[in-house]
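Have a go at each task before you read on.

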Amino acid sequence: MGERAVHLQKDMPETADSLLCRCAAGDSAAFRQLYELEAPRLKAVALRITRSVAVAEDVLHDVFVKVWRDAAGFDPERGGARPWLTTKVRFRAMEVMRRAGREMPGLDLAESEDDSPDALAYLLRHADGRALHACLCELDEAKRDLIHRAFIKGDTHADLAAETGMPLGTVKSTIRRSLLVLRRCLDR
Amino acid sequence: MSRDEKDMLAGEYVLGLLGAAEAAAVALEAETDSELASAIAFWQARLDPLADSLAPVPPTRQLWARIAADMEPVAAAVSRRKPARQAWRSTAIASLLLAACLAVVIGWQRLGAPAPGPAFKAEALLAAPGSFVASARVQVVSSGAMVLVPLQKLVVPEGRQMDLWAWPREEKAPVLLGTVRADGGATPFPYPPREGTPVMITDEKAGMGVPTTPGPTLYAGLLTISR
C-alpha cells in the first residue's frame, strides 16, 4: 500500500502551481518545465490581443523573465498559477498595445488564421468552464460579447463603444451590470 | 465601498478595462484590502477558462533562447526574495512601517519644469492607503534624479512636513530622499531604477531634524520600468 502510494506520487504530473513554487526557490529546471507547459497557451492569449506573432513573443519574453525574477510574488492562497500567468500576459499585451496606440506596425495575423473553437462551445465541453458557460448564458448575446471581447481581445471601453456603436457610458454601465450578474451566478 | 462595488471594480480590473493609473491604484489597494484581493482572485480564476478556449500556439525555438539569456543567475534571483522586504512593502502601504532605518538626507531642489520629458526610466503612482486615485507621480529620469509631480494638491498641515522615502534593493532599510514641497520637485536618486522598488511619502513633524524611521504613510506606490 505504502509503495503504491509512493508510486502514484512519483507519477503525478507537475502542475503550474508546483512548478512556480519551485521557481521561487530558484529551480531553473522547474522554470523550463513551466515554460514548456504554459507557453503555447499563453502565446495564444497574447496573440489574440497583439495580433502579431513577433509582438506576442516579446510579451511572453517579458512576462517569463519577470516571472523567474518575481516567482516569490505568487501566492497560491490567492489563486492558481495558471490564472496568475494569464493575467500577467494579458496585462502586458494590453499595455504594449495601448502604448503603441493600438497601431502596431507589422500586424501579421489575419482573423481567418485563428482556428480557436467557439468559446461557449469549448466551455461547455470542459469541466472547468461549465459554470462560466451557464452564467454567460444568463446574459444576452450582446452583453456576453462585450465580456468576451474585453477578455480575449483586450478591448478597452472605448474600443467596445467604437466596435458596437454603443455610447461609451452605456458600454461601461452594461459591463458593470453584467459583472454583477456573473458574480451572483458564479457564487451559486 | 460596498461588496458589489468591489466585485465590479475587481471584474473591470481583471478584464483590463481600467486606465493605467486606476489599475495601479487597484493593485496597490488589493495589497491591504483582502476583500478586494479575493474579488480579483475570483475573477482571474473564474474567467480563466476563456483563455483555455483558444487554440494553443507553439512558441518559436528562439523564444526560449531569448528568455534563458535574460534570466538572472539563480543566486541573484533568490537572494532578492527576502520575506522582510515583502513584509516592509505591505506594511508601508498599510501605513504602519515599523522597521528601524538609517536616514540620509539629500538636498531637495526645485526644478523649473516639474514634468519631465520622455527620458524617464521608471515611474510610480503614489496613492493614499484606501484611495483608488493617485495623488502624485514620481519618475526616475535618465540623469539619475527622482522627480515628483503632484497630481492633486498635497496639503501639509501646520507644523507637519512630508518626506519622500524609497527602499532600493541595495539598501538594508528605507532611505530618506528629502522633504517634499507641495508643488513637487526633484532629488538625486543614485540607484538603478528597478521594477517594484517601494516609494512612499510620509507624514513627519516639522523641524524635528532627520527622522530615522518613516512616519505614517500618506501615499505609496511601486516603481515600474518604462519601456
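**Exercise 1.** Describe how helix α10 of chain A and helix α1 of chain B pack.

Solution. Start with the geometry: α10 (residues 168–187) of chain A and α1 (residues 3–15) of chain B pack at about 110°, and their axes lie 9 Å apart. Axes here are lines fitted to C-alpha atoms over the stretch in contact, with angles from 0 to 180 degrees between N-to-C directions. Helices are DSSP runs of H or I with at least four residues, numbered from the N terminus. Angles of 65 to 115 degrees count as roughly perpendicular, and α10(A) and α1(B) are therefore roughly perpendicular to each other.

Next, find the residues in contact (C-beta atoms, placed from the backbone, within 7 Å). α10(A) brings A:Ile175, A:Arg176, A:Leu179, A:Leu180 and A:Arg183, while α1(B) brings B:Asp4, B:Asp7, B:Met8, B:Gly11 and B:Glu12.

The model is predicted: local features need pLDDT of at least 70 and side-chain atom pairs 80 or more, whereas totals for chains, interfaces and linings use all residues. Residues are numbered from 1 along each chain as its sequence is written, and chains are lettered from A and ligands numbered from 1 in the order written.

**Exercise 2.** How many residues does each chain give to the contact, and which element of chain A gives the most?

Solution. Chain A supplies 55 residues and chain B 39. On the side of chain A that touches chain B, α3(A) gives the most, with ten residues.

**Exercise 3.** Locate A:Cys21 and a residue 51 positions away along the chain.

Solution. A:Cys21 sits in helix α2 (residues 16–24) of chain A. Its C-alpha atom is 7.4 Å from that of A:Ala72.

How values were computed. Helix = DSSP H or I, 4+ residues; strand = E, 2+ residues; numbered from the N terminus. Parallel < 35°, antiparallel > 145°, perpendicular 65-115°, else oblique. Contact = placed C-beta atoms within 7 Å.
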